[in-house]
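User: Got a model open here and want to talk through its packing. Can you take my questions as they come?

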Amino acid sequence: MDNTKPIIKYLDVLIILLLLIVTILGVCSFHTSFSYEFVNQYGQKVQMWGAGIYAHDSYFKAPIFIGSDFTILLFVVPLSIVTFFKAKKKQSMEYDIRSFGIISLLLYYSASLAFGVTYNRLHLIYIALFGMCSFSVSVLFAKLHAAGVRQGKVCSYPFTKGMKVFLLAAGISLFAAWLPDIIISIAKGTSLELIEVYTTEITYVLDMGIISPLIFITYYLVRHGDFIGYVFLRMIFKICMCVGIMLPVQTFFQLSAGISIPIPALITKCLTFVVMAFFAAYFDYRLKRKTHYISSADNYNEGRH
């Protein structure tokens, strides 16, 4: 008997409700006429956004947050609702894997809000969203990992040369995109160039500290036939697809706010991830079509956990 289903059911509903609150209020904060100047902790003048829940975030960062909110609201929330509904209805390993990928993406998003956005009146909701995503990911991970341990061989699927190259390129590109900024600041003995009113850059922490190492770990696990490696692989493809949508949307909101973005930055920190998203979508589609679960995997909900 699977005792995790009631937990996941209620967490999914609460996560969707919190996402709607956060993203709608975030998108409604797009007003460019309330900005003001502020002297930050480094003695630099910084232009602040001044409107909505991002009033105390910088004029450069607020459109990025709003672009993320817009992407989550327009694309990820509908996808989440459909996936969670099908997961409840079909109760299959495939839909639990899809749910794991989506919740992992939302965990990344909620962590960015909880740790990266200047304190505002939604802070308790950020905490709740981050906590629920963390619990949901943990429950799904434990369930899928237990199935892999109990059943041994769970599914067969192709791990092509293209997928291998993609993983290695994705893992390296995260360091290539963000590491130079840190190295330059250390060499100069200054703060990060766009640190503005923040004390750290949460994207650097998540991408280089968690996502990139996880990509290399996934490569190792898949090469050695570990089922949880397959789960991570599907999750990584889904995150890459969402990032490929999110970055152009963030850039659109920045340009709409009158922020000038150098062409080299657009290429290295936007176009690169868009191209990766196309490959991720192709590989994910191919995996879904070519994956064959063994017969015992169809009844994994009946196992003891």
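User: What does serine 80 touch, leaving out residues up to four places away in sequence?
Analyst: Ile16, Ile102 and Leu106. Keep in mind that this is a predicted model.

User: Where is serine 80, and is it buried or exposed?
Analyst: Serine 80 is in helix H2. It counts as buried because its relative accessibility is 0%, and the cut-off for buried is under 20%.

User: And what does leucine 106 touch?
Analyst: Beyond residues up to four places away in sequence, leucine 106 touches Ile15, Leu19, Ile72, Val76, Ser80 and Cys133.

User: How do H2 and H3 pack?
Analyst: Helix H2 covers residues 62-90 and helix H3 covers residues 93-116. They pack at an angle of about 150°, with axes 10 Å apart. H2 and H3 are therefore roughly antiparallel to each other, since angles over 145 degrees count that way.

User: Left-handed or right-handed crossing for H2 and H3?
Analyst: The H2 and H3 crossing is left-handed.

User: Which residues meet there?
Analyst: From H2, the list includes Phe65, Ile72, Val76, Leu79, Ser80 and Phe84. From H3, it includes Tyr95, Ile102, Ile103, Leu106, Tyr109 and Leu113. By class, the contact of H2 with H3 has 13 nonpolar, five polar and five charged residues.

User: Switching topic. Which residues have the most contacts inside the largest nonpolar core?
Analyst: Leu19, Tyr54, Leu106, Tyr126, Phe166 and Phe227. That core has 90 residues. Helix H7, residues 227-256, gives the largest share of this core, with 17 residues.

User: What about H5 and H6, what are their angle and axis distance?
Analyst: Helix H5 (residues 161-188) and helix H6 (residues 202-223) pack at about 160°, with their axes 9 Å apart. That angle makes H5 roughly antiparallel to H6. Their crossing is left-handed.

User: Who makes the contact between H5 and H6?
Analyst: On H5, Leu167, Leu168, Ile172, Phe175, Trp178 and Ile182 are among them. On H6, the contact includes Tyr204, Met208, Ile211, Ile215, Phe216 and Tyr219. The contact of H5 with H6 divides into 15 nonpolar, three polar and four charged residues.

User: Now valine 46. Where is it, and what does it touch?
Analyst: Valine 46 is in strand S2, residues 45-48. Not counting residues up to four places away in sequence, valine 46 touches Tyr36, Glu37, Phe38, Asn40, Ser58, Glu196 and Val197. Valine 46 itself counts as buried, at 6% relative accessibility.

User: How far apart are valine 46 and threonine 83?
Analyst: They are 37 residues apart in sequence. In space, the C-alpha to C-alpha distance is 42 Å.

User: Last one, asparagine 120. Where is it, and what does it touch?
Analyst: Asparagine 120 lies in the loop between H3 and helix H4 (123-151). Setting aside residues up to four places away in sequence, it touches Ile53 and Tyr126. Asparagine 120 and isoleucine 53 are 67 residues apart along the chain, yet their C-alpha atoms are separated by 6.2 Å. At 9% relative accessibility, asparagine 120 counts as buried.

How values were computed. Residues are numbered from 1 along each chain as its sequence is written. This is a predicted model: local features need pLDDT of at least 70, side-chain atom pairs count only at pLDDT 80 or more; totals for chains, interfaces and linings use all residues. Side-chain values use heavy atoms; hydrogens and water are left out. Axes are lines fitted to C-alpha atoms, for helices over the stretch in contact, and angles run from 0 to 180 degrees between N-to-C directions. Helices (H or I, at least four residues) and strands (E, at least two) are DSSP runs, numbered from the N terminus. Angles under 35 degrees count as roughly parallel, over 145 as roughly antiparallel, 65 to 115 as roughly perpendicular and the rest as oblique. A crossing is left-handed if the near helix is turned anticlockwise from the far one by less than a right angle, and right-handed if clockwise. Contact means heavy atoms within 4.5 Å. Ala, Val, Leu, Ile, Met, Phe, Trp, Tyr, Cys and Pro count as nonpolar, Asp, Glu, Lys and Arg as charged, and the others, Gly among them, as polar. A nonpolar core is a set of buried Ala, Val, Leu, Ile, Met, Phe, Trp, Tyr and Cys residues joined through side-chain atoms within 4.5 Å. Buried means under 20% relative accessible area, exposed over 50%, partly exposed in between (1.4 Å probe, protein chains only).
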